[in-house]
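Here's a quick tour of a two-chain contact and of one of the partners behind it. Have a look at the model first, then we'll go through the numbers.

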Amino acid sequence: MASLLVLAPMFAYPVFLMKALCFALFACAFNLLIGYVGLLSFGHALFFGWASYISAHAAKVWGLPPELAILSGAAAAAGLGAIVGALAIRRQGIYFAMITLALAQMMYFFAVQAPFTHGEDGIQAVPRGKLFGLIDLADQTNMYVTVLVIFLGCFLLIYRIINSPFGEVLKAIRENEPRAISLGYRSERYKLVAFVLSATFAGVAGATKALVFQLASLTDVDWPMSGEVILMTLVGGLGTLFGPVAGAFFVVTLENYLTTIGQWVFVVQGVIFVVCVLLFRRGIIGELAQVLRVKL
Amino acid sequence: MKRLFTLTAVAVVFGCGYAQAQYTDGTIKIGVMNDMSGTYSDLSGQGSVIAARMAVEDFGAAAKGMKVEIVGADHQNKPDVGSNVVRTWIDVDKVDVIVDVPTSSVALAVNEIVRDKNKVFLVSGAAASDLTGPKCTPNTIHWTYDTWALANGTGKAIVKTGGDTWFFLTADYAFGHALERDTAAVVEKNGGKVVGRVRHPFPGTDFSSFLLQAQASKAKIIGLANAGSDTINSIKQASEFGITQSGQNLAALLAFITDVHALGLQTAQGLIMTEAWYWDLNDANREFTKKFAPQFKGVHPTMVHAGVYSAVTHYLKAVEALKSDADGKAVVAKMKEMPTDDKLFGKGEVRADGRKIHPMYLFEVKKPAESKAPWDYYKLRATIPADEAFRPLADGGCPLVKS
Amino acid sequence: MFELFGISSQALFGQLLIGLINGSFYALLSLGLAVIFGMLNIINFAHGAQYMLGAFAAYFLLQYAGLGYWWAIVLAPIVVGITGIIIERLFLQWLYKLDHLYGLLLTFGLALIFEGTFRNFFGSSGLPYSVPPALQGGQNLGFMFLPNYRGWVVVFSLAVCLTTWFVIERTKLGSYLRAATENPALVRAFGINVPRMITLTYGFGVALAALAGVMAAPIYNVSPQMGANLIIVVFAVVVIGGMGSIMGAIVTGFIQHGNIHHHGDRAFDTASRPVRKERLACSASPRRAAIRRCAGTARRLPSWSWPHCSSSRRCSPIPSF
């Protein structure tokens with residue numbers, strides 16, 4: 001996968017690829033929660049969007065260099081994740097989804113009102129700055145390499161988390177929580193940590209996206225964005241490692257071609273949702289894994 | 001089935017003389033971006049593409065040997081979608097000029113990108129007066145109208161005709177606040193009084209409680225500092241609550257003829273608004289409308305469409321004079337240097353801060369009995385001369401203006 | 001006239017009444033959602049879109065068939081209800097055995113499809129639909145001017161809500177429905193056609209949404225987004241009222257939402273929305289169990305939602321019928 005991504009800018013428009021990478025990371029973060037812990041969060045846009053606001057604000061108003069801007073965005077997302085997680089973790093299933101949705105909407109309205117987000121206008125003209133004071137990110141290639149490195153780094157981290165003892169406990173909790181509890185694991189704690197991790201990675205994705213597009217807007221915190229990441233993960237394959245990446249690329253490509261046909265985008269997204277839920281529950285990678293009998 | 005929007009290339013004849021002019025990759029590509037399917041699709045939408053095409057035809061680009069292509073796209077009123085489209089257009093599709101772009105948040109984002117890439121941006125749809133103020137750039141011209149002109153036109157004219165107590169119903173976001181602020185300032189400067197204000201969530205659906213407050217305030221004028229469906233809904237519900245019947249008047253601070261059409265004269269009668277152009281003002285406008293309307297499902301052109309036509313015409317003149325479209329700054333400088341003259345707006349000029357100057361008009365919506373045909377909606381209440389219609393050059397705060 | 005929090009009593013009563021009126025509206029919507037969730041355990045995300053379909057059906061009936069409001073009140077819910085039945089037969093029935101989150105995702109997808117299609121054909125500016133002549137005008141109540149139509153909305157939604165509650169809670173048909181949710185296999189063994197009942201229940205919930213849509217058409221813009229704007233709010237109402245509780249949804253819709261919305265808007269402007277969302281979040285605490293029992297609807301909820309009932313089936317008794 002890494003080699004494919006390194007060669008990609010020769011064939012495709014770099015900004016499009018960077019967008020796909022940011023969303024791929026977002027989807028991976030989301031997948032951590034739903035695929036491996038079994039919690040469907042309907043408010044993940046909250047972390048993605050607020051991290052992008054904080055990072056945009058940091059880069060533009062506080063004048064921080066890009067690496068610090070991204071870190072501050074991620075930190076904000078982690079903080080929000082801790083708060084939301086603490087409130088939501090106690091519930092399961094539908095209730096968890098509804099609470100995350102409610103909290104996300106609350107923060108959305110806060111974003112509409114808060115002066116620093118500039119409401120409808122969003123934070124615009126975010127400077128990309130110089131990475132580590134040396135590499136000028138205004139150059140597309142430099143930016144692309146940076147985004148790629150961030151993506152691969154986080155992806156590897158997620159991989160390590162999933163395949164660690166911690167990850168095994170998470171999977172155990174997903175399979176049968178009472179049994180995990182009876183074995184002595186404090187499931188609440190594990191779930192909270194997983195939630196915060198998922199929020200942080202979503203934050204990294206959002207913060208990076210703000211620098212790539214030099215814009216942080218309300219679309220990123222609104223609930224359709226939460227819906228999109230669910231779509232990406234679902235299409236790619238819940239609980240698979242490469243699923244979210246494939247799903248993100250698929251959806252971003254689709255959207256790119258569909259801007260030509262305006263509002264049909266929503267219809268197509270809806271159709272994909274329906275088809276996936278009914279027939280295609282394993283997603284692209286899931287089906288592929290089934291066919292090849294490999295664990296992906 | 002709706003037509004596919006982007007890359008509906010309208011290649012207008014390649015002439016033999018094109019080697020004489022150095023256009024980037026031999027073509028002048030015009031990108032018309034606006035809301036093609038949402039709230040603003042009737043006042044801009046596909047109609048703006050049609051207006052641009054008509055401008056190119058009337059200019060006679062073909063005969064002059066200029067190859068002009070027009071592409072259209074939908075920004076869905078979202079800054080990130082809009083900036084994505086513009087970036088791709090400029091980087092990949094070699095578009096030279098971006099036209100229209102309603103929705104101020106998108107326009108502001110595009111403003112920055114076009115400056116960075118040194119292309120041209122001709123704003124017709126958006127309202128933000130900041131585009132010729134602190135955010136002005138040497139690559140942008142703000143064509144048709146802006147919040148200052150609307151506030152000045154509607155606010156001042158209404159106060160002078162007796163509407164001296166105001167209550168504002170404002171959409172609770174940046175644009176609504178700006179519109180309220182500008183209008184309140186004008187009202188107070190002209191001797192009126194603002195007796196109250198209330199903010200409604202954006203977008204809103206139910207305005208009953210706010211309208212109740214407006215009614216209780218007994219202000220003579222209820223100023224609607226909102227746009228699109230919010231304006232339409234507030235007017236509809238105001239009529240439901242009998243507000244106009246009981247003697248208060250509604251002032252729509254940003255409204256288009258398409259909004260009046262959506263409301264119907266029964267509900268919209270008596271509404272006062274400011275516009276830059278109306279299809280029934282003179283013969284030239286009427287002739288344009290006769291050609292335009294059948295192409296746009298009978299919808300009559302709004303000031304936004306007229307602005308697109310005028311802007312594209314002037315752009316083509318400048319590019320022809322320079323024999324090049326490569327340097328955005330140079331083209332815009334040329335457009336500011338040349339006085340404007342087109343059949344829709346007549347003679348005018350583009351100022352140093354990028355503001356296009358022309359007269360504005362104060363209209364009142366006719367009663368149903370007074371209207372003789374569909375789209376015959378306005379009666380002219382006042383003409384605001386060009387030199388008074390827009391914010392004075394020195395007041396804007398535009399860095400391009402040497403003080 | 002007295003003053004309360006700096007607001008004159010006149011304005012206060014006016015706001016209260018408006019709050020009640022609009023609350024009744026939301027109550028009707030939440031009722032449909034609560035019925036579907038309570039009976040079928042599916043979060044019907046498409047509810048907003050079905051509400052929109054109802055309003056559009058009313059518009060079409062007027063435009064193309066010349067049938068006015070009174071016809072629309074009867075026909076639109078039936079037509080949309082039938083589409084609901086089709087949806088249930090085609091899509092939802094395969095999902096009952098799965099994690100109910102898939103139902104949520106499917107209905108979410110359906111909502112996107114409906115909205116996207118209508119947006120494409122009708123744009124977003126909205127279509128006109130006027131108040132029926134019989135209900136135009138209003139009464140001057142002294143402290144405010146009450147449009148007749150809004151008064152009608154309160155009365156009618158109250159009637160519909162109470163009738164539905166009565167049918168579900170107090171009649172034999174209702175008890176069959178409730179039993180079928182608790183233990184479908186046993187109920188089928190008694191010879192009752194459970195799948196058909198479930199289908200009809202979904203259709204009924206959808207019809208309620210469409211009815212709300214028809215009632216909204218004259219006062220709100222008939223636009224493809226009208227549902228999306230409301231759906232989140234309606235979820236708040238349903239969850240606060242206790243998911244699956246019919247009376248809870250009605251009561252909450254009428255009182256809490258309507259008044260918080262309007263008083264909130266008056267006093268805190270858009271801060272009222274976060275207030276509502278906060279209540280939504282708070283409602284997920286164990287206190288809600290007590291509220292549910294008070295509402296007399298403890299039996300309505302599936303056992304897995306009670307932490308202490310996860311192992312024992314005896315927490316959800318089969319009602320006698």
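## The interface

Chain B and chain A bury about 2,200 Å² between them, with 52% of that on carbon and sulfur atoms. Buried area here is the accessible area (1.4 Å probe) that two parts lose on being put together, summed over both. On the chain B side, the residues that lose the most area to chain A are Asp80(B), Asn84(B) and Arg87(B), together 22% of what that side buries. The contact (heavy atoms within 4.5 Å) draws 25 residues from chain B and 21 residues from chain A.

A word on where this comes from: the model is predicted, so local features need pLDDT of at least 70 and side-chain atom pairs count only at pLDDT 80 or more, while totals for chains, interfaces and linings use all residues. Residues are numbered from 1 along each chain as its sequence is written, chains are lettered from A and ligands numbered from 1 in the order in which they are written, and side-chain values use heavy atoms, with hydrogens and water left out.

## What holds hands across it

On chain B's side, the elements giving two or more residues are α3 (79-91) and α4 (104-117), and α3(B) gives the most, with seven residues. Helices (H or I, at least four residues) and strands (E, at least two) are DSSP runs, numbered from the N terminus.

## Zooming in on Ser83(B)

Ser83(B) sits in helix α3 of chain B. Its relative accessibility is 2%, so Ser83(B) counts as buried (under 20% relative accessible area; exposed is over 50%, partly exposed in between; 1.4 Å probe, protein chains only). The Ser83(B) side chain reaches the backbone oxygen of Pro79(B) at 2.7 Å. Setting aside neighbours within four places in sequence, Ser83(B) is in contact with Leu215(A) and Ile113(B).

## Chain B as a whole

Chain B has 14 helices and 15 strands, and buried residues make up 65% of its 403 residues. Its C-alpha trace spans about 70 × 50 × 35 Å along the principal axes.

Key: Polar contact = N/O pair within 3.5 Å; in protein donor to acceptor, adjacent residues only side chain to side chain.
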